[in-house]
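Let's take a look at one protein model together, starting from a single spot and then zooming out. Here it is:

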Amino acid sequence: MPVSRINSLFKNDVGFYLLTALLLIVISFLAFICDSFSQKIVCISAAGYFSFLLLKKYAASLKLVLVLVTLFIGSIILNKKEVHFELSEQSQIQIYPDQVRVKDNYLTGVGHFKQGKILISGKVPTEQENNLKQGLPLIVSQIKGECGIIEPATNIGEFDYQTYYAAKGITQKIKYFSCEMKAVKSNGVINGLHKLRFNLQNYFQKMPQLLGFFASELLLGENNAQENQEILNNYRDLGVIHLLSISGLHVGLYVLIISTICFYLKMTDEEAFICCCVVLLLGIFLSYGQAGFVRASLTYFLGKICKFKGYRVAAIDILGLACILHIMIVPRLFMIAGAILSYLLALGLQLTNKFGKMQQSILLNVLLTPLLLFYFYQVNFLTVLFNLMVVPYFNWGVMPVTFINIVLFSFTKKLAPLFEQILELGEKAIGSLSNTQLGLLTFGKINWWQCLILILITMLLIIALRERPEWKFNKKELSMVLISTYLIFFGMIHFPLRGQVTFIDVGQGDSILITTPFPRKAYMIDTGGKLNFSGKKVTPQVNRITIPFLKSLGISTLDGVFVSHQDADHVGDLGPLLEQVHVKRIFMAKGLINNPSFQKRLNGRIKHTKLVELLAGMQVKDPKITFNVVYPYQPGEGKNEDSLSLFFRVANKNWLFTGDLGQEGEKAIMQKSNLSVDYFKLGHHGSKTSSNPDFLRVIHPQKVFISAGRKNRFGHPHQETLTTLSEQQIPWVSTQDCGMISWYYGGMQKSEFNYFLKRGKK
């Protein structure tokens, strides 16, 4: 490539800005992401390598590098400075109507205080709800409530809202019990922009479901996930979820439309550029700074400025400079998966720009696959094919129909039903294609270093395919290395040398996963489920906790699910689990199958699943593990006193699980069974009605486990039970403190416990 000469400040060879951007990204990883010694060592090494290259190749611009790094470190220091909202009579929070939702007189969303932003929730008076519906901002004062940090994820695979909001500069949440609210006039540019966004939200809500969904996604970067989850799942499973993101595709569309209009209005290129800038800046606000949209907009701004000034800057350096500006403004940018995917895709487009469309599409998908496995644990081998099928429908169907409807809907609503039918036909076809699960592989979660290795090998392969003479890589050998690496990582996940007993943190409920070493067998005791006292439909928590956890392990089939009894906190999510994971057998105490409530959970969800009834004395045998049923002794109705109780032994350790069995049941087990127990799941979430002191004295476990929700309304675990444990010197751990609790056994290593939150050890 020729040397790019720009003005006196930027006399640099091609690649300078890209390399500088990589250095800043590594520094941001060190500041915000690295939490282990090995990660820090890798990042420090990478920073040293990029610094060496800059010093060697771009020595003349060393001062500029030092200035950029200094500015960025200063930005990091300012961003890392903790800003806490202090609850006092003088505290005030401003609420914009487009940043909150009100449902059943309950408000949730983002509020603004003097130094920053905070999540806010609580009941809202009818008068103030009406003010919000009119688009008026509110000032909240005289606040009384609970203020604390946003809680982190507590399970492997669970979405981490703490990290997500931290990247947006939000670290606290407040739930108010009482306050004073008053509406304020929406004067000023910022208030006006929020009012515009609020009006668009209302405008889209009046549209039919699909039209409103796509309009909100394409213009505002938001959606009602609960109502449209099936659409999101279909696009995700086909590997085309990126189409729903506000990205460079939208920037290109906006620029094309505006430039065309400006052309017919006889405007100059500079005037058209100014118009595009205004619209794109507005788009950045409307999308709340969605990373892909900002990246594409910055790239457009810089590219046009260089063109007008006659600067010859390589496209790859335009991307690097855009990244530098973006990360300077948002130092936590790369804490967001979307930002990493967006910039890696943009870099991949630059590296593969000399290939044909089909080959470029394949290479881009291969480049993004490691990140998809790291964040989402699954991949579709036919993504390229599905992109060829879905992208034309999206570009020539969804986008034109949606944007035409946005323009016409306020004038006439007659065309909306026709547009909705067009989208319904398209989404029905996509749904049918998705339901085949064709090409979809639950690979499992790869580690950060595995992800890095796969990306580096893929990069080397792309460079080799470009046939650069200075890079002496064999294309076939690199291809085989890449394939072999994927196979090795797949084998490590799906053919594990270690088994586990894991207490999934499902809040106020029970769910335990038991797996064996290779050949892996996977069983689950109870599924958890949210206790619903409101009577309203709630989203199954299995979707955000258990399913991602199973996918992270590469598990798409369970050999068996043991149901202890009928209570919702133990079996409430059985139905949703059956809809998404193949379960070979469901085991239950005899009599539960006749319970109408339990039958309702199974209706329409049993296809190839065998139902097995059990009583004390029976066994469920597997080559690697045998489950012994120790209770109940007679059929029941699935109540607490009928809880299915299991005893098994792995790695010379005995485990006992008794569901919500009360003390009478424990006495029966004590009288009829002579059990030696190492680890015991404390009965009924640590309630005083379970785990009789005499029973604990007889089995005297090395450790007991409590599965209970944080701040649950029952007060579990009860102090009486904890006192009993203390008196008998029995150590205990709880999911309330530790999050997910896992015990790993087998392989070359000793058995060990792992606490997800790394605290609460007793």
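Leaving aside its neighbours within four places in sequence, L558 is in contact with a set of residues that includes L513, A522, M524, L550 and L577, where contact means heavy atoms within 4.5 Å. The list also takes in V581, H582, V583 and K584. L558 itself sits in strand 11, which covers residues 557-558. Strands here are DSSP runs of E with at least two residues, while helices are runs of H or I with at least four, both numbered from the N terminus.

Is L558 buried or exposed? With a relative accessible area of 0%, L558 is buried, since buried means under 20% relative accessible area, exposed over 50%, and partly exposed in between (1.4 Å probe, protein chains only).

A word on the ground rules: this is a predicted model, so local features need pLDDT of at least 70 and side-chain atom pairs count only at pLDDT 80 or more, while totals for chains, interfaces and linings use all residues. Residues are numbered from 1 along each chain as its sequence is written, and side-chain values use heavy atoms, leaving out hydrogens and water.

Now for the whole protein:

| Feature | Value |
|---|---|
| Helices in the protein | 26 |
| Strands in the protein | 24 |
| Residues that count as buried | 51% of 762 residues |
| Box filled by the C-alpha atoms, along the principal axes | roughly 90 × 70 × 50 Å |
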